[in-house]
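Here are some notes to read alongside the structure. Have a look at it first, then work through the points in order.

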There are 2 protein chains.
Amino acid sequence: MTRKELFQLILRKKSFLCVGLDPDITKFPAHIRQADDAIFEFNKAIIDATRDLAIAYKPNLAFYESLGIKGIQSLIKTMDYLEGFRSELFLIADAKRGDIGNTSTQYAKTYFEKSSSGFDFDAVTVAPYMGKDSVAPFLDFINKWVILLALTSNAGAADFQSQRIEAPEGTVKLFEHVLQTSRQWGNAENMMYVVGATQASMLQDVRRIVPDNFLLIPGVGAQGGNLEDAARYGMNNHCGLIVNASRSILYASADIDFAEKARAEAFTLQKEMESLLKNFGLL
Amino acid sequence: MTRKELFQLILRKKSFLCVGLDPDITKFPAHIRQADDAIFEFNKAIIDATRDLAIAYKPNLAFYESLGIKGIQSLIKTMDYLEGFRSELFLIADAKRGDIGNTSTQYAKTYFEKSSSGFDFDAVTVAPYMGKDSVAPFLDFINKWVILLALTSNAGAADFQSQRIEAPEGTVKLFEHVLQTSRQWGNAENMMYVVGATQASMLQDVRRIVPDNFLLIPGVGAQGGNLEDAARYGMNNHCGLIVNASRSILYASADIDFAEKARAEAFTLQKEMESLLKNFGLL
């Protein structure tokens, strides 16, 4: 999916909502827990309940890998189901990968090359610590996206990402240097950035460096981020935002009505997004 | 495996060699490529040919994940085979993971909790970019190890890891700040560091900060690192080094004699290691 197609999708659905698919069986309603493939049944119910309101889904690989082969099978089944709505959805592998070149090539194949792995995501999250040659192999895939970690939503972001570094462009925070440096690796057509919504004021600093790139904003909902702030500081003329909510939607209820409650939660977010898109003059 | 047990293993085998299991089918000998589970057959042959010379094996997850379910099955089969030699081997998942707390917990289960995922590694490589709460969940597992990326062996290490940062301990390189900060998260009994052998002189700086921790040193062999330098600057009174070679052993020959040639390569390294251990007065 190109940047233009993604923007058109956002306009069509009046939403920039991404639903994080982080299935935790212990939080499932009892009737789902008993299913043969509980994870797929849960995901399918969430997808059916939210797919007119969301533009993207983001399975978090850890939640599937921790269950071994069975978990990967549930993810493949989920992706095959999402495939049916391909033209109306952007699919993100939240994997936070990154390794030396020949290994990153294998990870890129994992998420982008269906004939190898069974997966055909549009984008994958990548960690920047190992630098250019750890990211470049993902960018070699046409029409696929790297979503590079810049400023994450967790407390640990303060340990390194916010520390000041002596960069060629001056003394800046590490995450700013990551943004500045990585601009030379890709562009707004193949690279997005993770920027935590819990640090919305820093979005201004981010936008000074990468005005055009899409930002994937986690941390709205369970992690305490604020959607209005994210839009105020982060929106651009292509919207430029994909805002993720996981737990606040998935586990809105642990009862028989979980899908209905998930939809209500997603609906509230979509309505807020619609109004923010209007305020910004995009709708 | 405890640090003491690991040291005893090194003394017993007169080796600190780790063999990286990065199976690339295109480089396999023709007769292996035709096997039903070519990856397992290849790994098994390499393990059988080197296991008296190596103290550790390090499957690189990307090479299995890129093949989907089939690849994961080959890895589980490989791990089950290695299980038979548990007391004489240290098993490392080279996965370079790291995410917010609840996700890192899932990754820790993936590699450390056999009842969840089918895997029971001793250690996993972890990326530091997301800070303390992304690493801590791995440290909650008793008798398991985090191997944190500090200074990697690739060209991209210069992009961020070697940049100077204004840290509380003074203006230091980012990788030095990662070492300094993470010392407060774990200790020499549960945390090792990745330090690339291609930058052996920097090992002195590393040892000033973490004198006691084991270092996992990739990049000897195909990546051009020097074993003697690594030992000169990195060895401590528990050896403190695990030196990895992958491609130079695995693909020493692409012919019927590949296992024999792999053994010859591993044997050369083991002999060099034995002599370095003697020079250092540990044998």
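1. A definition to begin with: the expected span of a helix is 1.5 Å times one less than its number of residues. Bear in mind, too, that this is a predicted model.

2. Now try that on helix H6 of chain A, residues 101-112. H6(A) has twelve residues and reaches 16 Å from its first C-alpha to its last, close to the 16 Å expected.

3. How many of the residues of H6(A) are buried? Nine of the twelve are, so the helix is largely enclosed by the rest of the structure. Among those buried are A:Thr103, A:Tyr107, A:Lys109 and A:Phe112. The cover over the buried residues includes, from chain A, strands S3 (90-97) and S4 (123-126) and helices H7 (114-117) and H8 (132-139).

4. Four strands make up an open sheet in the order S7(A)-S6(A)-S6(B)-S7(B), and the pairing is antiparallel. The edges are taken by S7 (170-173) of chain A and S7 (170-173) of chain B; each has a single partner strand, so one side of each has no neighbour in the sheet. On average, neighbouring strands here are turned by 35 degrees against each other, direction ignored.

5. Zoom in on chain B's part of that sheet. Strand S6 (residues 164-167) of chain B pairs with S7(B) over four bridges, in the antiparallel sense. Look for B:Arg164, which stands opposite B:Lys173 in S7(B).

6. Which strands does each H9 helix lie across? In chain A, H9 (residues 174-182) lies across S6 and S7 of chain A plus S6 of chain B, and runs at about 110 degrees to S7(A). In chain B, H9 (residues 174-182) lies across S6 and S7 of chain B plus S6 of chain A, and runs at about 110 degrees to S7(B).

7. Back in chain A, take helices H3 (residues 38-50) and H5 (residues 68-83). Their axes come within 9 Å and cross at roughly 25 degrees, which means H3(A) is roughly parallel to H5(A). Residues making the contact include A:Phe40 and A:Ile47 of H3(A), and A:Ser74 and A:Tyr81 of H5(A). The crossing is right-handed.

8. H3(A) also meets helix H13 (residues 258-279) of chain A, with axes that come within 9 Å and cross at roughly 45 degrees. That makes H3(A) oblique to H13(A). Here the contact includes A:Ala45 and A:Ala49 of H3(A), and A:Ala262 and A:Arg263 of H13(A). This crossing is right-handed.

Note on methods:
Residues are numbered from 1 along each chain as its sequence is written. Chains are lettered from A and ligands numbered from 1 in the order in which they are written. This is a predicted model: local features need pLDDT of at least 70, side-chain atom pairs count only at pLDDT 80 or more; totals for chains, interfaces and linings use all residues. Two strands pair if DSSP finds at least two bridges between them. Helices (H or I, at least four residues) and strands (E, at least two) are DSSP runs, numbered from the N terminus. Axes are lines fitted to C-alpha atoms, for helices over the stretch in contact, and angles run from 0 to 180 degrees between N-to-C directions. Two residues are in contact if their C-beta atoms, placed from the backbone, lie within 7 Å. A residue is buried if 20 or more other C-beta atoms lie within 10 Å of its own, exposed if 12 or fewer, and partly exposed in between; C-beta atoms are placed from the backbone. Angles under 35 degrees count as roughly parallel, over 145 as roughly antiparallel, 65 to 115 as roughly perpendicular and the rest as oblique. A crossing is left-handed if the near helix is turned anticlockwise from the far one by less than a right angle, and right-handed if clockwise.
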